Amino acid sequence: MDRDLRCLRCGGKIEYQYTEYLQLGKNSFFGGHLNQLAAGALLTDIYRCQGCGKLEFFDGEYEEEAEEETEE
């Protein structure tokens, strides 16, 4: 989570906000929320530009995977 990022829009500093599970799937008239439950969720790190408020989303499991590969 300790990344030095700059905003692609305004060049401002992007800072980590929080990690959240984003629900995958979509609602449908007949399936309701069942499609979403079956689709699962994606762990996501959310960053925000301090200059313009633009949000950036990154794979929340990326750092864990990279650390496991270097230990092998």
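How many residues lie between strand 1 and strand 2 in their hairpin? There are six, and glycine 11 in the turn has a positive phi of about 85°. Strands here are DSSP runs (E, at least two residues), numbered from the N terminus. This is a predicted model, in which local features need pLDDT of at least 70 and side-chain atom pairs count only at pLDDT 80 or more, while totals for chains, interfaces and linings use all residues. Residues are numbered from 1 along each chain as its sequence is written, and side-chain values use heavy atoms, with hydrogens and water left out.

Strand 1 (residues 5–6) and strand 2 (residues 13–23) run antiparallel and are joined by two bridges; strands pair if DSSP finds at least two bridges between them. Arginine 6 has lysine 13 as its bridge partner in strand 2.

Strand 2 also pairs with strand 3, antiparallel, over nine bridges. Here glutamate 20 stands opposite threonine 44 in strand 3.

Let me turn to individual residues. Leucine 42 lies in strand 3 (residues 41–49) and counts as partly exposed because its relative accessibility is 42%. Glutamate 56, in strand 4 (residues 55–59), counts as buried because its value is 15%. Buried means under 20% relative accessible area, exposed over 50%, and partly exposed in between (1.4 Å probe, protein chains only).

Beyond residues up to four places away in sequence, glutamate 56 touches Leu8, Ile14, Asp45, Ile46 and Tyr47, contact meaning heavy atoms within 4.5 Å.

Definitions and conventions:
Helix = DSSP H or I, 4+ residues; strand = E, 2+ residues; numbered from the N terminus.
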